[in-house]
Every structure is written in C-alpha cells, then in structure tokens.
Amino acid sequence: MPKLSTRLQRFRKGSPLSFRLLAWILLFSSVFTLITSAFQIYSDYRKDISQIDKRMAVVESGYASSLARSLWALDQKLLQTQMEGILSLPDIVHLRLRIEPDSELVMGEIPRESETTVHSFDLIHEGDETFKLGELTITADLARVYQEMERKVGIILATQFLKTFLVSILIIWIFQHFVTRHLTTMANYARDFSLQNLARPLVLDRPHTPSNESDELGKVTDAINQMRERLNDDIGRQERDAAEIRKFSKAIEQSPSSVLICDRQWRIEFANQKFSQLTGYDAQSIIGKHPGALGENDLDNRESRHLWQSIRLQVQRVGVWQGEVNSVRKNGERFWEQLIVTPIKDGGGETTGYLILGEDISIRKRYEQQLLRQANYDILTGLPNRMLALDRLKLALAQARRENSQVGVMFLDLDNFKHINDTLGHDAGDNLLIEAARRISSCLRGTSTVARLGGDEFLVILPGLTGSDASSQVADRILKTFSPPYILNGQEVFVTTSIGISVFPTDSDNSGTLLQHADAAMYQAKHKGKSAYAHFAPEMTEVSHERLQMESRMRRALELNEFELNFQPIVDTDSGNLVAAEALLRWNNPSMGMVMPDRFIPLAEETGLIIPIGEWVLQEACRAAVTWKETTGRDIGISVNVSPRQFRDPGFTSTVLNAVSSSGLNHNQLELEITERLILDNSIETAEILRQLDDAGVRLSVDDFGTGYSALSYLKSYPFDTLKIDKSFVQDVMKEAEDASLVRAIINMAHSLGLSVIAEGVEEEAQTHFLKQEGCDYSQGYFYSRPLPTEDFETWLKTTQRLQQA
C-alpha cells in the first residue's frame, strides 16, 4: 500500500490532469457500477421469488385435486403422505390444512425472524354438486433467497469495482501516452518560447501520420507553429517597416516639394531642406512657430495669419485645403506657391498634427497668365478672340437695356483672302491679317471692340449708338481704310472687306441672333460686289433657307453614303515613323460639291445630326485602323475629333465602346480629341464620361491646346494622355522667339504632367528639328502628308512601309 500511495502521489504531481481524470472516472464508474449492480441483484431477487411463486402455483395445480379426493374419502394416511410430499419441496416450511367445518391439520414450522411468503387455495369436491372441503395454506421461507442475494452482492461488487479500476488505469495510461505527455511537451515549449528561438518549431514525439496531423493535438501544434511563423513574419515586417520609415523620412527630407509638419496647435515641428531653400528660413529657427508668423514684416504677418486662419477652418470643415498663395521669402521677395494642407490622423481618426506641402509655381503662373491671355486674345493680331468678344457683346447689350440705347454688331470678312494666302503663303496672309486688324481698330472709338473670330473674319461691337446712321459711318471709315494697298512680300496688294451690320434692339435682342443677322448681311454685302456693307433686312432670311436646305441634304447624307474620311499621318518626331492617323470628316454632296467641316459641323451640332454622324465616323475610323493592321501587320492608332454636342449625348460612351468592340480594334489604339471648350465645362457628367472612357482603355487628347481658356488644373483633374499644340503656335517657332518659348513651355508642362505631346501644322523641316530638340513626342502636318482619302492613304502607307524596310 505505501508503494501504491507513493506512485499515486508521483502520478498526481507529474500529471494533475490525468489524476483528476482518474478520480472522475472512478467516481462515475463507481456510481454506475452501484446502479447496474443494484439492478442486477434486484433482478435476480425477483427471479428467485418468481420461482417460489411458480413452485406454489405448481403445488396448487398438481395437488389440489388429489388432496380433495383424499379429504373426500377421509383417507387420513394418504392425505398426510401427500402433505409430507409438499413439505419436502424446496423453501416450503409449513402447511396448514383447514377442514370444513372446524377441523385443522398442521405440518412443519414457521422460522422466527425470517421473511416468508404465503399461498392459499381451496379444496373442492366436484360431483353432482360442488362442495368446499377445506383450504390449504402453504408457507415458503425466503432465507435461502436472501442468502443468495447477499452472496451475489459481494461477488458482483468486487468484480465490478476491480474491472472499473483496471479499465480506469488503462484509460489513464492511454490518455497519458497519447495526450498528457504531449500537453506537457507543449507547456514546456510555451514556457521556453521567446523571440530569440522563433526558428525552433514545436515537434511532438509521435508518428507523422495524416490521422495524427488532423486530430486536436495536431491542430494545436500546427496553430502554435503558425503563430510562431506569424510572429517571425511580424518581426520581419516590423524590421521592413522600420526600414520603410527610414526611407520615407529620407524621402521627405529630400523631397522636391517643401514639407512642414505641425502639431495640433499649428506649431511647426519639422521642416525639410526644400522648405529652407524655397523660403530662406533655417529649419531650426522656425521650430515652434506658426506657419503664418514667420516673416519680420507685421503687415505680411497679418495677411498671412488671416490666410492661415481661413486654411485652418477649411481643413477642419472639409479635411483638406489646396490652393495657390502669394508667399514671401525671408528676404522679402514674393513668389507663387501651390499649397496642400491635410490633417495627420492616428488609428482612431483623431487629428494629431498637420502636413503642409508646398511647391514653387512662379514660372507656371507666368505661363498660365500668358496662356490666359492667349485664351482671350488672338495670338496673331492681339485682338480679343471669339470668347472674349461674345462676353463683351453680352455686357454691351445689358448696358444698352439699362440705358435704352442701341448696339451695333458688324461682321467683317476679308475678300479673296484665301487666294492671297495660297498665292503668297501663310506669312503674307498673317501680315495681311495683322495690318487689317490695325486698320479696323483705327476706325473705332475707345468703347468699341474689334475681335478676330478666326481665319479672316472680324467682329466689331459698337455700344451706345444713338441712331442707325452711326454704324453706317463706322462701316464707311473701315472701307476707306482698306483702300490703300498692303505691302506683302514686297508687292502691293489691294484687299477689300465685306461688312454685315445688325443693330440691337431693332434686328434682335439676342446676341446669338444678332451675330447670325450680321453674318447674313455680310453675305449680302459680298453679293453686292464686295468692298461694301449691308444692314440686315428680313428678306435676308434666305440665308436661313439655305441653312435649312443644307440641313435637309445633310440628313440624307448618311443614307446616301456622301460622307467620307480623310486621314492625316501622325509620326514619331525623332524617327519619322508612322504611329497613328487622324480621321478628318468630309462631305461630298452632288449639288454642293466637297463641303468642308467648318461649313456643316456647326449646323450639325445645332440640329443634333452630329450624333449619328459622329457615330459613323467612329465606326469607320476603327474599321480603317483594323484594315491597316491586316495590310501592314502593324498596330496603327486612330485619332477622332469629338464635338461638344456629341460628347454630351447620354449614349456617347456606349457608342465609342461599341465601335471599338464591333471592329475588333484594341481600345488603346483609339484616341478621342476633345477641345478645351468642352473640358472647361468641369461638370460631374464630363468627369464621369472621361473616367469611363479612361477605365475602358480609350486614350484621350486635348485638341488645339492654347486656343481656348487653357487651364492647367483641368489637365491635372482629367485622365488625359495627349496634348495637341495648335498649329498657330507651331508655324512661327522658327521666326518668333515668343512662340518658340511658348511651345517649349507647353512641351515641358505636358511632360511634367505625364502627357504626350503632338505638334500640329508642321510644314517645314526646320520646325521638325526644333520639335525634336525640345522633346516633342509626335508631329502632324503638311510636311509629312496632307489629309488623304482612304485609298490614297493606304497607298501612302504601303509606300512608306517599303521605304522603311529598304
């Protein structure tokens, strides 16, 4: 017993879980054994009792009739013999025979302090009549049953408890071998686990079988090892994060943008080297100061603090502030700075500081101002362009309504300008336009406006007229100033002009209608023989009839296949190799002949016919590009102009994508050229359409850049790929230093925004050298090829391919 107690103590000390398991097994097994043993003993007891009852029932069935006959015959000896036979049966100890009427025969003895059971039955004589002769009472002793039950209880309890104990010991041994010792190994591993020994995995001393790996111990082992690997990865990640933080710290320090980091009270905590270079302030000297209180001039500081108060409110309300500010360096020099101010937030979303990024945009601002002037003024003549002229006309009409006065609108067109341009060249044509602008301006007073609408068309706005004759006097002066000859390329050239006049409010109270009426009157003046002017009259609405006729013919042009495409190559500036072609729409009408786009596209936009026409252009252009691929084996991009009305059509995006998919053209081979006037819309719909096209892989290009309200912010906001420099800038790059500087600035600006650049209107070899030197990506113009019909362009393609292969 001491040895067993010692072993149990060791077992309990070494494996408390196993000991507790053994205790619980013994407890529940003992309870179960008692219950089952009780059921078994009780069952045996009932079985013995049942046998005694059956024995008494057998006595009744076997002896009742014979006892009744013996009693009827009064055969006492036989009756006694029969009762002795009954008394000799097992467990029967007493018989009492009561004989009617009052006699009794008793045999045997009932034991004291012993449990007995009694069974009685009547003795009946059956003859002609039935008589009850007596009653026999049998008493059985249960002592043997109880002795047998006590013996069974001892045996059953001993065997059951022994079996339970042995099974429990076996179960515990199995549990110890298969579970507990592995749990001890896991506990020891966890106790020794540290960041220094992450390389050592947890391994259990058992076979590596699929069943072992999939059981609970295997899962726990795998989970612990996965945790170890994750910790290992986390440490590696933390080390990498620390390296990234060091790298980002160096990046911020060496950033080309100035960086300020402020605390929650807007006190400067960090300034990088670029900030010191940009402003002249030493980084250490401004730590703890407010960004708006760095200057030494009280006035500058007051303005700066007011600005930074607005910035702070904007950041708190919106979450970011971005804008352009006129900052001051330490030496007092002012410069333009692009600022972005954003809050620095912790993991809980609480603001812990502020990040201020700055960039010197002084050069860009100068370019923007220059571009803004070019957006409002004609580059060649210096006159207001169409957009500015329309704004001034609307202002003049508003003032006239207030003052109850008149406004004259004059539409001028130089006679035979195209002939002079084609004969003497573009330089002569430009000089003519410059001189014509000067002569027209000389005839006007200070409140009047003369603008160049494009080509050889001019617009004159005469506000504050008191009568209809006043506009006629101005027209007469203009016609007289055109009488002297122009000296172009050393030659005297006589150029006249035709003038159409409309008057507000006599002819219309709408600026657009006034322009249309002045245009109609100008055509009437040309019909007079040129060098004349004409006032608008209602009968001039024939022009409108002609427009309706053109509209009617244009509606049937698609059905009759009168539209056709010409293609002009776009080449790589460095190599001269073809990369794409621009699709140019032409209308070949049997009655009107070849109609150029500037005549019918505006009408198509007004009437909405530009929608089906534009869809046809997209489909044909994509098919042509696929045909070139099959012919040459090369991917040649196709560029298509998009009008504002076409772009704003609700189904425009689907039209573009259907044209690409139905033709089999790669999305990135299609480039859509969009005018600046369109992107200035700056609406949510415009941004969404451009985003959808960009997501689909279609390339986007800004067409004729610089001729409208050029705005760099739109180039940054929209997903453009290409910027096309208008030919009006390119044609004089070898003659005008200002144009050369402007083209150079546009190329650099586009490249800084990640845009490719295409130069339009390249007509001279010297221009190609200039563009190549300035890094212009692509070129387009007469120097390479005029716009060609489909068959001629395919011939040009094959010829060019053979030359390149040779």
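Leucine 670 touches Leu618, Cys622, Ile638, Val640, Val656, Val660, Leu665, Val698 and Arg699, leaving aside residues up to four places away in sequence. The model is predicted. Leu670 also stands out in the largest nonpolar core, which has 77 residues. Trp628, Ile638, Leu670 and Leu672 have the most contacts inside this core. Helix H17, residues 610–632, supplies its largest share, 11 residues. There is also a second, separate core of 32 residues. Phe417, Leu432, Leu479 and Ile501 are among its members.

Strand E21 covers residues 670–675. It runs parallel to E22, and 5 bridges join the two. Threonine 675 has aspartate 703 of E22 as its bridge partner. Strand E22 spans residues 699–705 and is mostly covered. Of its 7 residues, 5 are buried. E22 also pairs with strand E23, residues 722–725. This pairing is parallel too, over 3 bridges. Here phenylalanine 705 stands opposite isoleucine 725 in E23.

**Aromatic pairs**

Now to the rings. A pair of aromatic rings is described by the distance of the centres and the angle of the planes. The whole structure holds 14 aromatic pairs. The rings of Phe563 and Phe600 have planes at 45 degrees and centres 5.8 Å apart, so this pair is tilted. For a tilted pair, the angle lies between the limits of 30 and 60 degrees. What does this pair tie together? Phe563 lies in strand E17, residues 563–572, and Phe600 in helix H16, residues 597–607, so the pair ties together parts that are 37 residues apart in sequence.

Phe567 and Phe793 form another tilted pair, with 5.6 Å from centre to centre and 40 degrees between the planes. Phe567 lies in strand E17 and Phe793 in helix H26, residues 790–805, so this pair ties together parts that are 226 residues apart in sequence.

| Residue | Relative accessible area | State |
|---|---|---|
| Phe563 | 6% | buried |
| Phe600 | 0% | buried |
| Phe567 | 1% | buried |
| Phe793 | 0% | buried |

**Arginines over rings**

Arginine 329 lies over the face of phenylalanine 335, at 4.1 Å from the ring centre. Arginine 439 lies over the face of tyrosine 486, at 3.6 Å from the ring centre.

**A five-stranded sheet**

In what order do the 5 strands of the open sheet come? The order is E11-E12-E10-E15-E16, and the pairing is mixed. Strand E11 (449–454) and strand E16 (533–535) stand at the edges. Each has a single partner strand, so one side of each is left without a neighbour in the sheet. From one strand to the next, the twist averages 20 degrees.

Strand E12 covers residues 457–465. E11 and E12 run antiparallel, joined by 5 bridges. Arginine 452 has phenylalanine 458 in E12 as its bridge partner. In a regular strand the side chains alternate between the two faces of the sheet.

Which helices lie against these strands? Helix H12, residues 426–442, lies across strand E10 (406–414), E11 and E12. It runs at about 10 degrees to E12. Helix H14, residues 511–527, packs on the sheet too. H14 touches E10, E12, strand E15 (497–504) and E16. Its direction makes about 145 degrees with that of E15.

**Lysine 528**

Where does lysine 528 lie? It is in the loop between H14 and E16. With a relative accessibility of 53%, Lys528 counts as exposed. The cut-off for exposed is over 50%. Lys528 still has contacts: it touches Tyr533 and Ala534, not counting residues up to four places away in sequence. Lys528 and serine 498 are 30 residues apart in sequence. In space, their C-alpha atoms are 9.2 Å apart.

Notes. Residues numbered from 1 in each chain as written. Predicted model: local features only at pLDDT ≥ 70, side-chain atom pairs only at ≥ 80, totals over all residues. Heavy atoms only, no water. Phe/Tyr/Trp six-rings, centres within 6.5 Å; stacked < 30°, edge-to-face > 60°. Helix = DSSP H or I, 4+ residues; strand = E, 2+ residues; numbered from the N terminus. Buried < 20%, exposed > 50% of the residue type's maximum accessible area, 1.4 Å probe, protein only. Lys NZ or Arg CZ within 6 Å of the ring centre and 35° of its normal. Pairing = 2+ DSSP bridges. Axes fitted to C-alpha atoms, helices over the stretch in contact; angles between N-to-C directions. Contact = heavy atoms within 4.5 Å. Core = buried A, V, L, I, M, F, W, Y, C linked by side-chain atoms within 4.5 Å.
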